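Please look over the chain shown here, and keep its sequence at hand while reading the report.

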Amino acid sequence: MDFIEILCPVCKEFFFTKPMDKYEEEEYKYGLCCARCGWIYDLEQFKDPLKTKGKNRLNLYEYKKWYKKQLKRHPDFVFINMESIKKEPHLCPVCKEFEFYDLYTFDVCPKCGWKDDGSDELPGVVGVNGISLDEAIKKYQDK
């Protein structure tokens, strides 16, 4: 793995200073992770912020939006403490028939297929679902 020292491009609060050793590679299968925001060190994505088929499910811009939402919900948000944060269950914004266990989980609604990426809070935005929330609702209602 190519490695250069970089400041986390998402939160700008964590410095990646060394590649993982063999023990860490076995322990952390996804790679080096920013303790503050959770971004996984991906030099290719660092160089190409729109890249999504790497170690992170979101491109760099989407990850920054996700991180800002976390900070808005919990100003003291720290990724390594994420399990201690109170969950916010909510109904699928498309079919209103499935309850996601928390916000922005990227879980998929088994009823309508909507992926819970938080784009429902940004009118007209096309997120990982490939269509806006309004388009998804219309498509679901037209079935």
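## Basis of the model

This is a predicted model, in which local features need pLDDT of at least 70 and side-chain atom pairs count only at pLDDT 80 or more, while totals for chains, interfaces and linings use all residues. Residues are numbered from 1 along each chain as its sequence is written, and side-chain values use heavy atoms, with hydrogens and water left out.

## Overall fold

The chain has four helices and four strands, taken as DSSP runs numbered from the N terminus (H or I of at least four residues for helices, E of at least two for strands). Along the sequence these elements follow the pattern β-β-α-α-α-β-β-α.

Of the 143 residues in the chain, 41% are buried, where buried means under 20% relative accessible area, exposed over 50% and partly exposed in between, with a 1.4 Å probe and protein chains only. Among contacts (heavy atoms within 4.5 Å) with a separation of 6 or more, 34% join residues 24 or more positions apart. The chain exposes about 9,200 Å², of which carbon and sulfur atoms supply 53%; accessible areas come from the Shrake-Rupley method with a 1.4 Å probe, and for residues only the protein chains shown count as cover.

## Helix α3

Helix α3 covers residues 60–73, and its 14 residues reach 20 Å from the first C-alpha to the last, close to the expected 20 Å, a span defined as 1.5 Å times one less than the number of residues. At the start of α3, a side-chain oxygen of N59 comes to within 2.9 Å of the backbone nitrogen of Y61.

The buried residues of α3 are L60, Y63, W66, Y67, K69, Q70 and R73, and they pack against α2 (43–47). R73 counts as buried because its relative accessibility is 19%. The side chains of R73 and Q70 are joined by a polar contact of 3.1 Å; such a contact is a pair of N or O atoms within 3.5 Å, and within protein one must be able to donate a hydrogen and the other to accept it, with residues adjacent in sequence counted only if both atoms are side-chain atoms.

## Nonpolar cores

A nonpolar core is a set of buried Ala, Val, Leu, Ile, Met, Phe, Trp, Tyr and Cys residues joined through side-chain atoms within 4.5 Å. The largest has 19 residues, and those with the most contacts inside it are C8, V10, F16, C37 and W39. Helix α3 gives the most to this core, with four residues.

Leaving aside residues up to four places away in sequence, C8 touches F14, F16, C34, C37 and W39. Apart from this core lies another of nine residues, among them C92, C95, C109 and Y140.
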